Structure formats: C-alpha cells, structure tokens
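This briefing goes through the fold of one protein chain, from the whole chain down to single residues. Please keep the structure open while reading.

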Amino acid sequence: MKTAVIQFPGSNCDGDALHAAQLLLDQDAQFVWHTEAGLPQGTELVFLPGGFSYGDHLRSGAIAARSPIMQAVKAHAERGGFVLGVCNGFQVLTESGLLPGALSRNRDLHFLCRPVHLRVENTSTAFTGAYTQGQVIEVPIAHGEGNYYADPETVARLEGEGQVVFRYVDNPNGSLNDIAGIVSERGNVLGMMPHPERAVEALLGSEDGRGLFDSLKGALVSR
C-alpha cells in the first residue's frame with residue numbers, strides 16, 4: 001500500500017507514522033511536505049500525523065487544513081482513496097470538512113498522555129476488519145484538545161450509520177458518547193485521537209494498533 005505521510009510545521013508524530021507505515025504497509029512510504037501541490041503517483045493511503053501543526057494557532061488543525069497539500073488530500077478522498085488522521089490529523093480532518101464535528105479542549109483542561117482502552121464498535125470498515133466486534137484494545141493518547149463534539153443531529157447520524165468505530169471504555173477527555181474515532185460516510189476516511197502507530201511493537205507496550213494497519217492491507221487486497 002503506497003503511503004504518503006504529510007508533514008506540517010509543528011508535526012511531531014510524523015516519524016512514528018512513517019515507521020509504522022514502513023513496518024506494516026509500505027517499505028517505501030515517504031514524507032510529503034505540506035506545500036506540495038500533489039501526492040506521489042500511486043498513493044493509496046494518506047496519513048495525517050499527530051503534533052501541533054502551526055503551533056495550534058487559531059484552532060488545532062485550522063491552518064494546516066488550508067495548506068496546499070490538502071486540496072490533493074481532499075481529491076484523493078473524493079476518489080475513494082484511504083485517509084488516516086491521528087490526533088492532530090483528526091483535528092485537520094474536521095477543520096477541512098472531510099469529517100464532521102470538532103475537537104475541543106479536554107474536559108479537565110489538562111494535556112493527557114497515557115494508554116487508554118478502546119472498544120471496537122464497527123468491524124465492517126477498511127480500518128477495522130482485522131479486529132473483532134466489541135474487542136477492547138490498548139492504545140496511547142497524547143492530546144490537549146481531544147474532546148469530540150458535534151451537534152445532536154450529526155451525532156445521531158454517526159451512531160445510526162455505524163460511523164463511530166472506536167469508543168473510549170473510560171472516557172479521558174469528555175468526548176460526546178465516548179467517541180474516540182469516526183469514519184466518513186463512504187468509510188474511506190478515519191479520524192481518531194488515540195495513536196495506533198505507537199502501538200505496533202511489543203517494545204512500545206502494546207501491539208494492538210497493528211490491527212488497523214492489517215485491516216488496511218486486507219481492504220486493499222479485496223478492492
């Protein structure tokens with residue numbers, strides 16, 4: 001799976017994202033700087049990593065969502081290409097309109113950095129097919145603005161259409177309905193606050209994030 005990891009000024013999880021992609025998806029995965037106008041030929045997955053793009057000025061992800069590369073990312077998503085946004089990447093996806101809702105300050109106004117438990121709510125997506133329904137996995141978080149919010153109608157639609165794919169077992173940040181990760185209506189764009197790329201090797205304390213990357217590999221084969 002040819003993978004492009006987008007780098008914005010202030011990204012700090014881009015190395016983690018590239019390592020996980022090279023380890024599990026694509027040995028030739030590469031960085032793409034945010035000022036580029038297009039994605040590498042044959043890109044199948046765009047990975048928007050965590051960090052503090054543009055120092056979180058205005059709002060987390062707001063300026064990055066307007067970087068030149070995002071036009072190509074949007075076009076990629078509209079063609080049905082896979083897009084994965086983790087932490088700040090999730091914030092960029094909501095700010096760019098690729099996913100609904102918004103991420104606001106954590107409930108207790110503290111930066112949180114620790115492992116959390118997630119329940120897999122929908123295994124029929126390209127990102128979750130390798131998990132089992134209701135499986136509980138351990139994945140780390142590292143965010144100050146991970147409190148997911150959307151209007152009641154949007155939340156009802158996400159729940160009704162099975163677009164909530166990961167849910168916190170013990171909600172750390174106040175997210176509505178314990179939402180930790182959602183997919184787009186077409187199911188090809190995933191945004192999540194926890195970091196699966198930091199849970200792909202036993203040395204890191206958990207390998208539970210591998211299922212997401214295994215799922216993507218399987219989805220590509222079945223296309």
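The points below cover the chain as a whole, its sheet, its core and some individual positions.

The model is predicted. The chain has five helices and 11 strands. Its radius of gyration is 16 Å, close to the 17 Å from the globule rule for 223 residues, so the chain is as compact as a globular protein of that length. Nine strands are arranged in an open sheet with mixed pairing.

**Whole chain**

- Along the principal axes, the C-alpha atoms fill a box of roughly 40 × 40 × 35 Å.
- Of the 223 residues in the chain, 55% are buried.
- Taking contacts between residues at least 6 apart in sequence, 73% join residues that are at least 24 apart.

**The nine-stranded sheet**

- The strand order is β2-β1-β3-β4-β11-β10-β9-β6-β7.
- The edges are formed by β2 (30–33) and β7 (136–143), each of which pairs on one side only.
- On average, neighbouring strands of this sheet are turned by 25° against each other, with direction ignored.
- Strands of a sheet pair through backbone hydrogen bonds, in either the parallel or the antiparallel sense.

**β10 and its two partners**

- Strand β10 spans residues 179–183 and is mostly covered, with five of its five residues buried.
- Towards β9 (residues 164–168), β10 pairs antiparallel through three bridges.
- In this pairing, Phe166 has Gly181 of β10 as its bridge partner.
- Towards β11 (residues 189–192), β10 again pairs in the antiparallel sense, over three bridges.
- Here Val183 stands opposite Leu190 of β11.
- β10 and β11 form a hairpin with five residues between them.
- Gly187, in the turn of this hairpin, has a positive phi of about 85°.

**Helices on the sheet**

- Helix α1 (residues 14–24) lies across β1 (3–7), β2 and β3 (45–48), and runs at about 175° to β1.
- Helix α3 (residues 88–95) lies across β3, β4 (82–86), β10 and β11.
- The angle between α3 and β4 is about 120°.

**Nonpolar core**

- In soluble globular proteins, nonpolar side chains tend to be buried together.
- The largest nonpolar core of this chain has 67 residues.
- Phe166 and Leu212 have the most contacts inside this core.
- Leaving out residues up to four places away in sequence, Leu212 touches Leu84, Phe127, Tyr131, Phe166, Leu190, Met192 and Pro196.

**Non-glycine residues with positive phi**

- Cys87 has a positive phi of about 60° although it is not a glycine.
- Cys87 is placed in the loop between β4 and α3, and it counts as buried because its relative accessibility is 5%, below the 20% limit.
- Asn177, also not a glycine, has a positive phi of about 55°.
- The loop that holds Asn177 runs between β9 and β10.
- With a relative accessible area of 37%, Asn177 is partly exposed.

**Ala29, between α1 and β2**

- Ala29 is in the loop between α1 and β2.
- A relative accessibility of 6% makes Ala29 buried.
- Beyond its neighbours within four places in sequence, Ala29 is in contact with Thr3, Leu18, Ala21 and Gln22.
- Ala4 is 25 residues from Ala29 in sequence, and their C-alpha atoms are 6.0 Å apart.

**Phe111, between β5 and β6**

- Phe111 sits in the loop between β5 (102–104) and β6 (112–120).
- Phe111 counts as partly exposed because its relative accessibility is 47%, and the exposed class begins over 50%.
- Apart from neighbours within four places in sequence, Phe111 is in contact with Phe52, Asn106, Ala142, His143 and Gly144.
- Phe111 and Asn173 are 62 residues apart in sequence, with 9.4 Å between their C-alpha atoms.

How values were computed:
Residues numbered from 1 in each chain as written. Predicted model: local features only at pLDDT ≥ 70, side-chain atom pairs only at ≥ 80, totals over all residues. Heavy atoms only, no water. Core = buried A, V, L, I, M, F, W, Y, C linked by side-chain atoms within 4.5 Å. Buried < 20%, exposed > 50% of the residue type's maximum accessible area, 1.4 Å probe, protein only. Contact = heavy atoms within 4.5 Å. Helix = DSSP H or I, 4+ residues; strand = E, 2+ residues; numbered from the N terminus. Pairing = 2+ DSSP bridges. Axes fitted to C-alpha atoms, helices over the stretch in contact; angles between N-to-C directions. Rg over C-alpha atoms; globule rule 2.2 N^0.38 Å.
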